[in-house]
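Here is a short briefing on one structure.

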Amino acid sequence: MVKPALDEAELLTALRAGDETAFATLVTHYHPALVRLALVYVNERGLAEEVAQETWLGVLRGLNKFEGRSSLKTWLFTILTNRAKTRAQRENRTVPFSDWVTQETEGDDPAVEATRFRSADDPVAPGHWAQKPQSWENIPEAHWLSEETAQVVQRALEALPTVQQEVMRLRDMEAWTADEVCNVLGITATNQRVLLHRARSKVRRALERYWSDAA
Amino acid sequence: MTHDLACQELVELVTDYLEDKLLPEAKTDFEQHFMRCSGCRNYLAQMRQTIQVTGHLTETALSPTMQTELLELFQDWKREGGMPRKASL
């Protein structure tokens with residue numbers, strides 16, 4: 001049940017006419033995500049809030065120049081990342097974003113612990129499950145939607161490396177497309193997929209541990 | 001010629017499969033393995049459920065203080081001229 005998408009065209013028209021309700025809708029929908037993304041770059045809550053506010057002002061002042069070649073959302077978040085980077089530089093808080101992307105996509109980071117599989121020289125079924133994943137079909141829906149489950153996922157997300165976390169939140173919580181994530185974060189399609197894969201795999205593992213403890 | 005995937009290989013292809021980025025041969029290998037292997041079927045279903053449950057999470061709500069500050073920013077922008085009238089046509 002993904003949050004309903006905003007009707008951007010309608011909001012833009014209203015915003016250009018100075019409609020405060022349209023602005024309130026936009027900030028309610030996007031401000032917390034803007035602050036979180038800014039935090040990735042500036043690394044301090046207060047500064048991230050400021051950058052997000054500057055972004056809204058930038059959006060309002062740029063309204064007459066916005067031609068709608070990108071979506072309002074992509075435009076908004078691109079203004080944010082540009083401002084966050086500039087601000088981080090000015091405050092000497094530059095975080096090595098591209099280093100993180102490299103670190104978080106390189107090396108070995110298996111989706112499932114190697115111990116779950118038979119070894120590569122197993123005579124019967126090398127690399128096949130030693131302990132098969134269980135079906136989650138019988139878990140009651142009420143349990144899925146419970147606050148406790150939400151907290152397990154939330155904690156698993158928070159434990160992820162920075163960029164993996166951001167990619168998974170944008171894709172799976174905010175329902176962004178892969179292209180939108182690549183454009184706004186300035187990462188390649190391949191890296192986007194690797195980051196998403198590693199992130200989702202870890203969150204799945206956290207849920208699996210939680211269900212097996214609960215069982 | 002199809003390649004018999006090991007489960008350990010399959011789990012690393014799940015995201016590419018869900019993103020529809022597997023090449024046709026790899027996709028065939030994936031789906032064939034999948035037909036035979038209940039462990040991997042469960043695994044893929046678990047990944048889908050993980051994605052779904054993440055989709056239910058909501059972003060921290062905007063605080064009333066912040067909402068007020070942002071609306072003030074909007075009123076300031078309107079006072080400084082907002083959008084020139086003709087541009088809104």
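From the N terminus on, chain A reads α-α-α-α-α-α-α-α-α-α. That is 10 helices and 0 strands. The model is predicted. The C-alpha trace of chain A spans about 70 × 40 × 30 Å along its principal axes.

**Helix packing in chain A**

- Helix α5 (residues 97–105) and helix α8 (residues 162–173) of chain A cross at roughly 85°, and their axes come within 8 Å.
- Angles of 65 to 115 degrees count as roughly perpendicular, so α5(A) is roughly perpendicular to α8(A).
- On the α5(A) side, the contact with α8(A) is made by Phe97(A), Trp100(A), Val101(A) and Glu104(A).
- On the α8(A) side, Thr162(A), Val163(A) and Gln164(A) meet α5(A).
- By class, the contact of α5(A) with α8(A) holds 4 nonpolar, 2 polar and 1 charged residues.

**Helix packing in chain B**

- Helix α1 (residues 7–18) and helix α3 (residues 38–55) of chain B have axes that come within 10 Å and cross at roughly 40°.
- The crossing of α1(B) past α3(B) is right-handed.
- From α1(B), the residues in contact with α3(B) are Cys7(B), Leu10(B), Val11(B), Val14(B), Thr15(B), Tyr17(B) and Leu18(B).
- Their partners in α3(B) are Cys40(B), Tyr43(B), Leu44(B), Met47(B), Arg48(B) and Ile51(B).
- The contact of α1(B) with α3(B) divides into 11 nonpolar, 1 polar and 1 charged residues.

**The second largest pocket**

- The second largest pocket holds about 310 Å³ of space.
- It is lined by 16 residues, and those closest to its centre are Gln134(A), Trp136(A), Glu208(A), Trp211(A) and Ser212(A).
- Helix α10 (residues 189–214) of chain A gives the most to the lining of this pocket, with 6 residues.

**Glu158(A)**

- Glu158(A) sits in helix α7 (residues 147–158) of chain A.
- Which residues does Glu158(A) contact, leaving aside its neighbours within four places in sequence? They are Gln165(A) and Arg169(A).
- Asn191(A) lies 33 residues from Glu158(A) along the chain, and the C-alpha atoms of Glu158(A) and Asn191(A) are separated by 20 Å.

Conventions: Residues are numbered from 1 along each chain as its sequence is written. Chains are lettered from A and ligands numbered from 1 in the order in which they are written. This is a predicted model: local features need pLDDT of at least 70, side-chain atom pairs count only at pLDDT 80 or more; totals for chains, interfaces and linings use all residues. Side-chain values use heavy atoms; hydrogens and water are left out. Axes are lines fitted to C-alpha atoms, for helices over the stretch in contact, and angles run from 0 to 180 degrees between N-to-C directions. Helices (H or I, at least four residues) and strands (E, at least two) are DSSP runs, numbered from the N terminus. A crossing is left-handed if the near helix is turned anticlockwise from the far one by less than a right angle, and right-handed if clockwise. Contact means heavy atoms within 4.5 Å. Ala, Val, Leu, Ile, Met, Phe, Trp, Tyr, Cys and Pro count as nonpolar, Asp, Glu, Lys and Arg as charged, and the others, Gly among them, as polar. On a 1 Å grid over the protein atoms alone, a cavity is a set of points where a 1.4 Å probe fits but cannot get out, and a pocket is an open set with protein on both sides within 12 Å along at least five of seven lines; lining residues have an atom within 4 Å of a point. Grid points are joined across faces, edges and corners, and a volume is the space filled by probe spheres set on the points. Angles under 35 degrees count as roughly parallel, over 145 as roughly antiparallel, 65 to 115 as roughly perpendicular and the rest as oblique.
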